[in-house]
Amino acid sequence: MGVNPQIAGKTYTGAPVYEVGREKIREFAVAIGSSDPVHTDPEAARALGHPDVVAPPTFAIVIAQRCEGQVMQDPEAGIDYSRLVHGEQKFTHHRPIVAGDRLTSVAHVDDARLMAGNGRVVTRVEITDAAGEPVATAISMVIIRAEEQA
Amino acid sequence: MSAQFDQVSVGDELPTTDITVTRADLIRYAGASGDFNVIHWNERVATSVGLPGVIAHGMYTMALGGRYVSEWVGDAGAVLEYGVRFTNPVPVPDDETGATLTFGGKVTKTDQEARTATVTLTALSGEQKVLGKAIAVVRLP
């Protein structure tokens, strides 16, 4: 029920490398209604000093949620995904995500606790590039709602 | 549009913008983001878990806020930090009109040395605040 608080401090390193493609950035930009050429035109991106097209500011969620899946599906965590509600999200970009990046992500459980029967989990995903340099940090807080009392 | 650091002061307000969200937008976002949680496209399942109906992905609302602040800055690559709290769901009716989100923002801090501005965003669905503690730190030219 809720979450097993014992998973606090656990680290998950099994996420495969994510290769950022121009067409994926375009698809995401179109989906959020952005017509900014920095997402679709490499020349426009270079004019602003970026090496290639730039991902929108919340694109890292695509990588982070795949990585967090390891926590949500960990049998030790005991999380019922259907009762999960996204409470908070924060991104810190150490540099913009651009097409051509090969990104590694590691999930850290910074906090896991029970509060009045609800589970509360804070997960931090650290995203790094092929050189091992930091690219983005994505922190999410989710609530796993308690079962209704019969 | 492109904001310049030297022309930005604490208290400045960003022009408010209305963004329409339809069921088709949610399907497109589900595909682009890989978040296929059924409550964002299936009315039957959404109501069975106690929701008023299909609701927008919180991350979709957050993404629209990110687009809003990026448009003000003029460079989506200049959003250094962006965080939100999801305070209320956004129900999206199954019609042509969908839901309307109203975004606004205010400059709440500037940092001369880093040439950054902190923008506190607001996002309303009707009268309801759907994002809380929505704060972006952007680098300005």
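1. Let me start with the core. The largest nonpolar core in this predicted model has 82 residues, and A:Ala60, B:Val69 and B:Val138 have the most contacts inside it. Such a core is a set of buried Ala, Val, Leu, Ile, Met, Phe, Trp, Tyr and Cys residues joined through C-beta atoms within 7 Å. Helix H3 (residues 58-73) of chain B gives the most to this core, with nine residues. Helices here are DSSP runs of H or I with at least four residues, strands are runs of E with at least two, and both are numbered from the N terminus. A residue is buried if 20 or more other C-beta atoms lie within 10 Å of its own, exposed if 12 or fewer, and partly exposed in between, with C-beta atoms placed from the backbone.

2. B:Val69 is worth a look on your screen. Leaving aside residues up to four places away in sequence, B:Val69 touches B:Val79, B:Gly105, B:Val119, B:Leu121, B:Ala136 and B:Val138. Contact means that the C-beta atoms of two residues, placed from the backbone, lie within 7 Å.

3. Now chain B as a whole. Chain B has three helices and five strands, in the order β-α-α-α-β-β-β-β from the N terminus. Its C-alpha trace spans about 55 × 30 × 25 Å along the principal axes. Of the 141 residues in chain B, 42% are buried.

4. On to the interface. Here 27 residues of chain A are in contact with 26 residues of chain B. On the side of chain A that touches chain B, H1, helix H3 (60-72) and strand E3 (84-93) each supply at least two residues, and E3(A) has the largest share, eight residues. By class, that side has 12 nonpolar, 11 polar and four charged residues; Ala, Val, Leu, Ile, Met, Phe, Trp, Tyr, Cys and Pro count as nonpolar, Asp, Glu, Lys and Arg as charged, and the others, Gly among them, as polar.

5. Strands also pair between the chains. E3(A) and strand E2 (residues 79-86) of chain B are antiparallel, with five bridges; pairing requires that DSSP finds at least two bridges between two strands. A:Glu88 has B:Arg85 as its bridge partner in E2(B).

6. Helix H1 (residues 22-31) of chain A has A:Ile25, A:Phe28, A:Ala29 and A:Ala31 buried. These residues lie on the same side of H1(A) because they cover an arc of only 160° around the axis, taken from the directions from the helix axis to the C-beta atoms. The buried residues of H1(A) pack against helix H1 (23-33) of chain B. Just after H1(A), A:Gly33 has a positive phi of about 75°.

7. A:Thr123 is the bridge partner of A:Val109, and A:Val121 stands opposite A:Val142.

8. A note on conventions. Residues are numbered from 1 along each chain as its sequence is written, and chains are lettered from A and ligands numbered from 1 in the order in which they are written. As this is a predicted model, local features need pLDDT of at least 70 and side-chain atom pairs count only at pLDDT 80 or more, while totals for chains, interfaces and linings use all residues.
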